[in-house]
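Have the structure open while you read.

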Amino acid sequence: AASAQVQLAVPVAVVFAPGSVPGDLPRPLPFRDVEEMEISVNVRTSVMSRYEMVYRGTTAQEEAALDAATAREADAALHPLQDASLGSLTVYVVPETSSLLPQGSSVYVGKHRSALVRAGGGLAALRTRLRQLTQVMSFTASSVTAVLSDRVPDGQLGPDTRRHLKSSLGYEITFSLLNPDPKSHAVHWDIEDAVNRYVQPVLDKLSLVANFSVDSQILYYAVLGVTPRFDKESSSFLLSAHSLPHVINPVEARLGSSAASLYPVLNFLLYVPERSHSPLYIQDKDGAPVSTNAFHSPRWGGIMVYNVEAPASPQASLPLHVDVDMVRVMEVFLAQLRLLFGLSREELPPEFLLESPGNEGLADWELDRLLWAHTVENIATVSTTLTSLAQLLDKIGNIVIKDDVASEVYQAVASAQNAVAELAMGHLHSAFQASKKAVTSSERAFFDPSLLHLLYFPDDQKFAIYIPLFLPMAVPILLSLAKIVRETRQRKKEPTKMD
Amino acid sequence: GGMLAAAALLVLLAAGPGRADTGRDALREELLLSPLPAGDVAATFQFRTRWDADLQRGAVSHYRLFPKALGRLVAALGVRELHLALTQGFWRTRTWGQPPLQAPAGAELWVWFQPTVTDVDKAWKELSNILSGIFCASLNFIDSTNTVTPTASFKPLGLANGTDHHLLRYAVLPREVVCTENLTPWKKLLPCGSKAGLAVLLKAERLFHSSYHSQAVHIRPVCRDASCLAVSWELRQTLTVVFDTFSSGQGKKDWSLFKMFSRTLTDACPLASESKVYVDISPKNKEKELLEVTPAPTSVLEAVVQGDKRTYAVYDLLSPSLFNTSRSLNVQLKWKRPQDSSELPTPILHAHRYVSGYGLQTGEISTLVYNTHPYRAFPVVLLETVPWYLRLYVHTLTIITKGKENKPSYIHYQPAQDRRRPHLLEMLIQLPANSVTKITIQFERALLKWTEYPPDPNHGFYVSSSVLSALVPSIIAMKDVDVEQSPLFTSLFPSSDGSSYFVRLYTEPLLVNLPTPDFSMPYNVICLTCTVVAVCYGSFYNLLTRTFHVEEPSRGGLAKRLANVIRKFRGVPPL
């Protein structure tokens, strides 16, 4: 019920460059406006989104920045002039004739929390475009329902919505090199350098969302659970899409769980097929080979098959020395990492132009998207956890609640309320922190060892013990009841006999 | 010039294809087969992974041969040294001789923590919980009631600059049963798994069909080189099995790898830098050439092991000549004279323990420690851990050697606290040459609460083995050997000097009966009381619900009824 009142407020500044102000503005600049939208998750739960728009003209500095030659330069120049707080957006409306945006595209989304929009078509057209843009840069109805997927009735969700990782305080990322044939292949990968160069910048950016730890291992004699099919035409081995679900299980037994922490693990496996099964290609549903030769498993991780080129001369001595091309591998793994966090850039209109996030792998507004989704999810998790705790307490009347458990529950409720309030005010960062605190407290209360329901003696067993008492006592009562019944029946029969 | 080039080539080979910046790691695997008297064969596997990296907190996270699960554990919990053994059965030192590695029955765990660990008890609890998950063992039952901190018995085996024993924790679970489920995760930690190398012999159904099975994991820091400026980490996985080949081989003492493991060796683990099989062919009773091994060994090694000169036939699985003639290696041993009864000389140090006394109130634990050395006396550290429910009377502690009282030169006693911690008794006792020392202590059995009894309480309660640690004087002088070059089975315990060698022995675990209540009694009482109440209730109920009305004496007494019967026969109407 708590999430029924959740309101997400997004502060949006709409800045009009000179010559881009539409003619049909209701009021003179600057003015404020609010746009509300209701996202309904199920019959009882819905999330209210509230875009708090501030319309204004450009300042002199912004005007100067917008004079840049390309959109990228303008984005970089505008960055220091913006409101830097998480979740807030700035949209610059440039004249229809501006050369900042390339031909054919009317919206440019930058690396940070701003976008450029080409004016034209009056206020109504601008509003539609702004609505689209703000949803892309913050949250959409589908991204909100995806994180609340536990509450959505089955069948109403697409297959992709369950791909995202659950919100957690931390994640462990494990890169594993699987070498099933160490006799033929001596595989070396410079994972340490690759992690430092490609993965660490992304994780530094994501460190606001959760704690990350990265490690890697090499597993020998680890085989996939499926024997690939030999294809005579291409003289290669093929793994079809429908056999992929069976690939992971035997490997997983070797991966080794994270014994030292409770965070979810993201596995990225690089599989070098054995010599007798090389080269190995993954086929998609239509039978075409997958270009990356990789696939991912929702909420689990990804697998990439790395084929070793056959030696030029068949007499080459074994084991064959293989140095893995880490750039190729990391490209795939980073794309899979983005997919697992639900940061895919797919459903966009063609006139939208997105700036590539560069080395950090993640734009600021994408981070915001993640934070919006995780905050909503955390609040939902807290409400679920506390509801089930309440149900447990209702079921067992004499359960003992210790003071520390009680204070955790109070703190969870207070933090969750705080998070909801901060969300309604548009303070994304403090809302996220509060929701994290609420999750921690509620889980600590829920998993307290003193709240195990098996510790309490169930009532039905008490009855079993007292059966030696109840049974002999019941016999005379039942006999006399039978006697009464018999007598009343006889009394009913007797008058008819008299007749 | 040629020499130099060869040396350069060697260096290149040693550096291998690995890179310089990540720590080098190396794997050595080894199997020692030693025939025991009475026809048993002991097989000791050792797998040693050495990693030239410092496993400190969070510094290293990229693993190759070293298993990630254990590496993370060491780094996260500040472990300096970890020794875990899971054992089924008991090593009979008296008849089997000194084992290369002995472990007490059940599970044994001892850990040294880093000085940076602030809350050792918390780290210990967390560690035992994680290990119980990794090895599928009930190590989570390790708590304060069975954990002790010995002061003298367990010194770090690896590199250590401080030996503050507050960083040490030791616990034994003698009730733990070891089975396949513990072997599988242990095998999974090996770089080659059980797919290649010596580990293919580890077939669970054969390993547990044996008189003794002990698997262990030892993690410790070691010196990286002779100068010892840097630290390497060593993981040793050991597994010892004793097969009773005499009874399973139709009265013959001959054995082969296939007969014992129902597998043979086909290759070395491709990741191992050394893969060897040693067979103990030491001549006994000065009679030479009593046994014969086939195929011919790669080489023969003579070494002084545990104060005795031994001869080993060595099979180097990495030497190409070994698999030239046949595709698999099936080491066989035949005795030339079948009825040979080779008596092993009694080991210099062995011990024996039992519990005596009658009734369920008091009892006595007696330990007999034997020193069979003809002319040398040596000290031994005895460690006793007794659960709190056996209340030791320390004033009854007596140590008697050759009829005289033997005063221990060091004694450390920590009394138990009910439901909190066990008794810990550590003593340094001097054993005179050729003597038996008897140590007795009396105890009283405590009454437990009814929830504290384990399932099947009439089976009894185990008291874990007592531990004897000693530097036993060697008969033959030993040479200082390089750890990296010598066989693995000689190099776990550091040797102090040439004249003595370190031995750690475990006595039998004890099984003590405690006064056990009749657990069905409460239910019986409830049943009985309820029945009585129910019977009373029944008659009372009848009394209350029956309607009483006066009936005319229509039938009369017995005489009248009899008269009526007679009248009926006569055809006269009744009265």
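Predicted model: local features only at pLDDT ≥ 70, side-chain atom pairs only at ≥ 80, totals over all residues.

1. Start with the extent of the interface. Chain B puts 33 residues into the contact and chain A puts in 32. The two chains bury about 3,000 Å² between them, with carbon and sulfur atoms giving 62% of that area. On the chain B side, the residues that lose the most area to chain A are B:His62, B:Lys68 and B:Arg72, together 20% of what that side buries.

2. I get four salt bridges between chain B and chain A. One to look at is B:Arg72 with A:Asp215, where the closest N and O atoms are 2.9 Å apart.

3. Which elements of chain B give two or more residues to the side that touches chain A? They are α2 (68-77), α4 (120-135) and α10 (521-545). The largest share, ten residues, comes from α10(B). By residue type, that side of chain B splits into 20 nonpolar, six polar and seven charged.

4. On to the backbone. Most peptide bonds are trans, and most residues other than glycine have a negative phi. Two cis bonds deserve a look here. In chain A, the bond joining A:Ser278 and A:Pro279 is cis, with omega about -10°; A:Pro279 sits in the loop between β12 (265-271) and β13 (280-282). In chain B, B:Thr294 and B:Pro295 are joined by a cis bond, again with omega about -10°, and B:Pro295 is in the loop between β11 (291-294) and β12 (299-305).

5. Please also check two positive phi values in chain B. B:Lys402 has phi of about 50° despite not being a glycine, and its place is the loop between β18 (390-401) and β19 (404-405). B:Asn434, also not a glycine, has a positive phi of about 50° and lies in the loop between β21 (423-431) and β22 (435-445).

6. Are those two residues buried or exposed? B:Lys402 has a relative accessible area of 53%, so it counts as exposed. B:Asn434 is exposed as well, at 52%.

Methods. Residues numbered from 1 in each chain as written. Chains lettered and ligands numbered in written order. Heavy atoms only, no water. Contact = heavy atoms within 4.5 Å. Buried area = accessible area lost by both parts, 1.4 Å probe. Salt bridge = Lys/Arg side-chain N within 4 Å of Asp/Glu carboxyl O. Helix = DSSP H or I, 4+ residues; strand = E, 2+ residues; numbered from the N terminus. Nonpolar A, V, L, I, M, F, W, Y, C, P; charged D, E, K, R; others polar. Buried < 20%, exposed > 50% of the residue type's maximum accessible area, 1.4 Å probe, protein only.
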